[in-house]
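Me: I would like to take a close look at a single part of this protein, and I would be grateful for one connected account of that part and its surroundings. The structure is shown here.

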Amino acid sequence: MRRLENRVILVTGAASGIGRATAERLADEGGKLFCVDVQIDAVRELVTAIAARGGEATAQACDVSDERQVAETIAACVDRYGRLDVLCNVAGILRFDHFHDLRTEDWNRVLAVNLTGTFLVCRAALPHLLKTKGNIVNVASTAALAAQPWAAAYAASKGGILALTHTLAIDYVKQGLRVNAVCPGDIQTPIMNAFRLPEGANPKLLRRVMAPMGTGKPEHVAGVIAMLASDDGAFVTGEHIRIDGGTLA
C-alpha cells in the first residue's frame with residue numbers, strides 16, 4: 001500500500017521500538033520521514049535502512065522535553081520538506097516504582113518527556129498541520145485506561161496524553177485537523193525489555209498487563225498508526241484505539 005505517498009511525516013522516538021517500526025511502516029507506504037530522537041546514531045542508522053528499502057528519511061536529534069530543541073526540529077523539518085502533513089508522537093520513557101518510593105525528580109522527568117514533550121511538539125507543529133489539514137497520532141497506553149502496577153508517573157503522563165488528544169481533536173475539528181491516539185498494551189520494546197520488578201513487588205500483579213494473545217510486536221502498533229495517519233482514517237478524530245491483545249477486553 002502507498003497510502004501516504006509524498007506526505008511529510010515527523011516521528012518522535014524513532015530510534016527504536018514502536019517509533020522505529022512506525023517510521024519504517026510509514027516510509028514503506030510512501031511517506032517522507034523526518035525521524036527524531038535523542039539517540040542520533042540510532043536514528044541515522046534507521047534513515048540509512050529506510051533509504052536501502054527505497055524510502056526517503058531525514059534524521060534529527062531532539063529532546064522533546066526541551067522547548068528550544070522542539071522549535072528547531074519543527075523548523076528543520078519544514079525547511080527540509082516544505083510542509084508537514086502528519087505528526088506521530090511516540091517518544092516516551094517508562095519507570096516502575098512503588099508509589100511511596102517515587103522521587104519528585106523522577107515523576108517530573110517522566111511527565112516532562114511523555115506529556116510535556118507531546119504538548120511541545122504538537123504546539124510547534126500545529127500551524128503547519130493546519131495549513132495542510134493534516135493529522136496527529138499520539139501514543140498513549142493502556143495504563144491511561146486501567147490500573148498498571150508500579151507505574152504512577154507513567155500512567156499519569158499517558159492519561160494526560162489521552163485527554164490532550166481528545167481536547168485537540170475538538171478544538172481544531174473545524175479547521176480540518178484530525179487528532180487520535182493509540183493505546184498499546186503488552187508490546188515487546190526495549191523499554192519493556194528493561195523492565196525490572198521494584199523491590200518486594202508481588203509478581204502476581206503482572207497478570208493485569210499480560211495480553212491473552214501473547215506479547216505483541218511494535219509492528220502491530222505501527223500498522224494501526226498508519227491507518228489513522230492515512231485517508232483510511234479520514235472520518236476518525238478524537239479516538240483512542242487499544243492495541244493490547246485483549247488485555248482490557
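In which sense do strand 2 and strand 3 pair, and over how many bridges?

Reply: The model is a predicted one. Strand 2, residues 32-37, pairs with strand 3, residues 56-61, in the parallel sense, and the pairing runs over 6 bridges. Within this pairing, cysteine 35 stands opposite alanine 59 of strand 3. The two strands belong to a unit that also contains a helix: strand 2, helix 2 (residues 40-52) and strand 3 together form a β-α-β unit, and this unit is right-handed.

The largest nonpolar core has 29 residues, and Leu33, Cys35 and Cys88 are the ones that touch the most other members. Two or more residues of this core come from each of strand 1 (8-12), helix 1 (17-28), strand 2, helix 2, strand 4 (86-89), strand 5 (135-139) and helix 7 (218-229). Helix 7 gives the most, namely 5 residues. The surroundings of leucine 33 can be listed directly. Apart from neighbours within four places in sequence, leucine 33 is in contact with Ile9, Val11, Ala23, Leu26, Ala27, Glu56, Ala57, Thr58 and Tyr81. There is also a second, separate core of 26 residues, with Ile74, Val121, Leu126 and Ala169 among its members.

Is valine 64 buried or exposed? Valine 64 has a relative accessibility of 7%, and because buried means under 20%, valine 64 counts as buried. Not counting residues up to four places away in sequence, valine 64 touches Thr12, Val70, Ala91, Val113, Gly117, Leu120 and Val121. Valine 64 and isoleucine 93 are 29 residues apart along the chain, and their C-alpha atoms are separated by 11 Å.

A further part to set beside this one is the region around strand 6. Strand 5, helix 5 (152-171) and strand 6 also make a right-handed β-α-β unit. Strand 5 and strand 6 pair in the parallel sense over 5 bridges, and valine 182 in strand 6 is the bridge partner of valine 139. Strand 6 pairs with strand 7 (residues 240-243) as well, again in the parallel sense, over 4 bridges. There, proline 184 has isoleucine 243 of strand 7 as its bridge partner.

How many residues of strand 6 are buried? Strand 6, residues 178-184, is mostly covered, with 7 of its 7 residues buried. Arg178, Asn180, Val182 and Pro184 point one way from the strand, while Val179, Ala181 and Cys183 point the other way, and all are buried. Val179 is also one of the contacts of leucine 168; leaving aside neighbours within four places in sequence, leucine 168 is in contact with Cys122 and Val179. Leucine 168 lies in helix 5 and counts as buried, at 14% relative accessibility. Leucine 168 and cysteine 122 are 46 residues apart in sequence, yet their C-alpha atoms are 9.2 Å apart in space.

The loop between strand 5 and helix 5 holds tryptophan 150. Tryptophan 150 is not a glycine, although its phi is positive, at about 65°. With a relative accessible area of 11%, tryptophan 150 is buried.

Rolling a probe the size of a water molecule over the atoms shows where empty space is left. A search of the whole structure finds 1 cavity of 30 Å³ or more. The largest cavity holds about 40 Å³ of space, and its lining consists of Arg95, Asp97, Phe99, Leu102, Trp150, Ala151, Ala152 and Ala153. The largest pocket has a volume of about 950 Å³. Its lining has 46 residues, of which Gly92, Leu94, Tyr154, Thr189 and Ile191 lie nearest the centre of the pocket. Helix 1, helix 4 (104-132), helix 5 and helix 6 (190-193) are the elements that give two or more residues to that lining.

Notes
Residues numbered from 1 in each chain as written. Predicted model: local features only at pLDDT ≥ 70, side-chain atom pairs only at ≥ 80, totals over all residues. Heavy atoms only, no water. Pairing = 2+ DSSP bridges. Right-handed = clockwise from strand over helix to strand, strands pointing away. Core = buried A, V, L, I, M, F, W, Y, C linked by side-chain atoms within 4.5 Å. Buried < 20%, exposed > 50% of the residue type's maximum accessible area, 1.4 Å probe, protein only. Contact = heavy atoms within 4.5 Å. 1 Å grid on protein atoms, 1.4 Å probe; cavity = no way out; pocket = protein on both sides within 12 Å on 5 of 7 lines; lining within 4 Å. Points joined across faces, edges and corners; volume = space filled by probe spheres on them.
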